[in-house]
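Trainee: Hi! Could you walk me through a structure today? I'd like to go through it bit by bit.

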Amino acid sequence: MEQEIAITIDGKVAGRVVGCERISDIARFVSEEPEVFVVYDENATWIASEVIAAVPGVRGSIAIDATEEEKSMDTVLLIARSLLEAGASRKALVLAVGGGITTDLAGFAASIYKRGVRYANVPTTLLAQVDAAIGGKTGVNFDDYKNMLGVIVQPLYTFVCADALRTLPRRDFLSGAAELLKTFIIENEDDHYARAVQWLASGNADGQELILAAAAVKAGVVSRDPFEAGERRKLNLGHTFAHAIEHEARQNGDDITHGEAVAMGMILAARLGDALGVSAGLEARLTADFAAVGLPVQCPYPLETLAGAMDKDKKAEEGLVHFILPERIGSVIQRDLTVAEALKALTI
Ligand SMILES: NC(=O)c1ccc[n+]([C@@H]2O[C@H](COP(=O)([O-])OP(=O)(O)OC[C@H]3O[C@@H](n4cnc5c(N)ncnc54)[C@H](O)[C@@H]3O)[C@@H](O)[C@H]2O)c1
C-alpha cells in the first residue's frame, strides 16, 4: 500500500512524497510520462536498473560519480549535455536515483535545462529519504562553498522505498539516522523520537513507518515555509555547529560524514540550550541516545576553532548567528547570538 504526503504551497499541491514498498511501484505514478531521463548514482545502479525496467517512458540515462568534488557545475553541464543529446524536450521528466548529492545535482540540472523541466526523486540513502530529496532545495558546491549555487524548485514526486536502503553502507545509514532523529527533536508526534532511537539501536530492518513520519514532518515544514523565510530554519538544528565541524574536518583531512557532524552539532546545540536555560538536561539525554544508536557524540575540535568557521557561516547576518536550540524533545526555538556570546555560554 502506497502512502502519499502532499507538499502544498499557496494552496496548490507542488509535489508529493510517496511511500512505496518496492522500487517498481513508482512506475504507476510516471507511466504516462512520454520522456523520462534517469540521472543515477553509480553506486545505486541496481536501483536505477529496476527503475528503467519498470518505467515505460525512459528515453535515456546518465550515471554520475556521487562525491562532493563532483557535485559541481561541471557535472550539471554533463547532465544538461546528455539531456540535449538524448533529445529531451520541455515535456521531459528527470528522475534522480541516488542520495542527496544526486538529487541536488539532478534537480538543479532539470531546473535550468530549457529554463526548467520537471524532476522527481528516488532517494537511495536514509538522509535523502527524510531530508535532502524533499523540499526542493537543489544545487552544487562552488569554490570552497557547499551548495553555493542552486535554486529551490519542488520535485514532482519523492518516492520513498524502504527496499532502496538494502545496500546502503552502515556509516551512510547512520548519517541519515542523525537527520531522522533531528526531525523528531523538532516535532515529536506519537513519541516518534523514542521509537526511532529504539529502532536504530535495535538494528531491526523495518523502519519505513518512521522514515515516512520524518518525511511528513519535513513536507509539513516545507509547505508552511517553502523559501526558508522563517519556520524552515528550524530544520537547521545542529547545522551551524555541524558546518563548522565539517569545515574543520576538511582543513585537517579528517573523514566525518554530514550526519556525524549533525549529531555532534545537535549535542552542542543542546549544551548551549542547557547553558542558556532554554532546556534542562538535554545534552545528557541526546548524548545517551545518540551513543546507543552508534553516532559520535564528542566533537573532536576545540570550540574556539569552530568559532571562525561559524562566523563565516552563510546564515550569519549582521554578526548574529541564528542558533536553533531544542527546548525539549519535540520543540525548538531560534536564538540569535554572536559567536562570541555562544562560545562564552558553552565554556562556562
Ligand atoms: N537539498 C537539501 O535540502 C539537502 C539537505 C541535506 C543534505 N543535502 C545534500 O545531500 C548530500 C548528502 O547526501 P547523502 O548523505 O544522501 O549522500 P550521498 O549522495 O553522498 O550518498 C552517500 C554514499 O552512499 C552511496 N549510495 C547511495 N545510495 C546507495 C545505496 N542504496 N546503496 C549503496 N550505496 C549508496 C553514494 O554513492 C555515496 O557514496 C550533501 O551534498 C548535502 O549537501 C541536501
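Trainee: Let's start with Asn141. Where does Asn141 lie?
Mentor: Good place to start, and keep in mind that this is a predicted model. Asn141 lies in strand β7, which covers residues 140-142.

Trainee: And is Asn141 buried or exposed?
Mentor: Asn141 has a relative accessible area of 14%. The cut-off for buried is under 20%, so Asn141 counts as buried.

Trainee: Which residues is Asn141 in contact with, leaving aside neighbours within four places in sequence?
Mentor: Those are Glu68, Lys71, Ser72, Lys146, Asn147 and Met148. With Glu68 there is a polar contact too, side chain to side chain, at 2.8 Å.

Trainee: What does the side chain of Glu68 have to do with the ligand?
Mentor: One of the polar side-chain atoms of Glu68 is 2.6 Å from an oxygen atom of the ligand. So the side chain of Glu68 has a polar contact with Asn141 and also a polar atom at that distance from the ligand, going by the 3.5 Å limit for a polar contact.

Trainee: Nice. How far is the side chain of Lys71 from an oxygen atom of the ligand?
Mentor: For Lys71, an N or O atom of the side chain is 2.8 Å from a ligand oxygen. Lys146 has a side-chain N or O atom 3.2 Å from an oxygen of the ligand. Both lysines were on the contact list of Asn141.

Trainee: How much of the ligand does the protein cover?
Mentor: On its own the ligand has 870 Å² of accessible area, and the protein covers 87% of that.

Trainee: Which elements give two or more residues to the shell around the ligand?
Mentor: They are α4, α5 (126-132) and β8 (145-149). Helix α5 gives the largest share, four residues.

Trainee: And which residues come nearest to the ligand?
Mentor: There are 24 residues around the ligand, and the nearest are Asp41, Glu68, Thr124, Thr125 and Thr167.

Trainee: You mentioned α4. Which residues does Ala106 in that helix touch?
Mentor: Ala106 lies in α4, residues 100-112. Leaving aside neighbours within four places in sequence, Ala106 is in contact with Val39, Ile79, Val94 and Ala96. Its relative accessible area is 0%, so Ala106 is buried.

Trainee: How far apart are Ala106 and Leu84?
Mentor: In sequence they are 22 residues apart, and in space 14 Å, C-alpha to C-alpha.

Trainee: New topic: rings! How many aromatic pairs does a search of the whole structure find?
Mentor: The search finds five. One of them is Phe29 with Tyr157, an edge-to-face pair with 5.6 Å between centres and 70° between the planes. That pair links distant parts of the chain, with Phe29 in helix α1 (residues 27-30) and Tyr157 in strand β9 (residues 157-161), 128 residues apart. Phe29 and Tyr157 are both buried.

Trainee: What about Phe241 and Phe323?
Mentor: Phe241 and Phe323 make a tilted pair, 5.5 Å centre to centre with 40° between the planes. Phe241 is in helix α9 (residues 239-252) and Phe323 is in strand β10 (residues 321-328), so their pairing ties together parts 82 residues apart in sequence. Both Phe241 and Phe323 are buried.

Trainee: Which residues do ring pairs link into a cluster?
Mentor: Phe29, Tyr157 and Phe159.

Trainee: Is Cys20 buried or exposed?
Mentor: Cys20 is buried, at a relative accessible area of 1%. Cys299 is buried as well, at 13%.

Trainee: Last one: what is the phi of Lys114?
Mentor: Lys114 has a positive phi of about 50°, although it is not a glycine. Lys114 sits in the loop between α4 and β6 (118-123), and at 38% relative accessibility Lys114 is partly exposed. Glu228 also has a positive phi, near 55°, and is not a glycine. Glu228 lies in the loop between α8 (208-224) and α9.

Methods: Residues numbered from 1 in each chain as written. Predicted model: local features only at pLDDT ≥ 70, side-chain atom pairs only at ≥ 80, totals over all residues. Heavy atoms only, no water. Phe/Tyr/Trp six-rings, centres within 6.5 Å; stacked < 30°, edge-to-face > 60°. Buried < 20%, exposed > 50% of the residue type's maximum accessible area, 1.4 Å probe, protein only. Contact = heavy atoms within 4.5 Å. Near = heavy atom within 4 Å. Polar contact = N/O pair within 3.5 Å; in protein donor to acceptor, adjacent residues only side chain to side chain. Areas by Shrake-Rupley, 256 points an atom, 1.4 Å probe, with all protein chains shown as cover.
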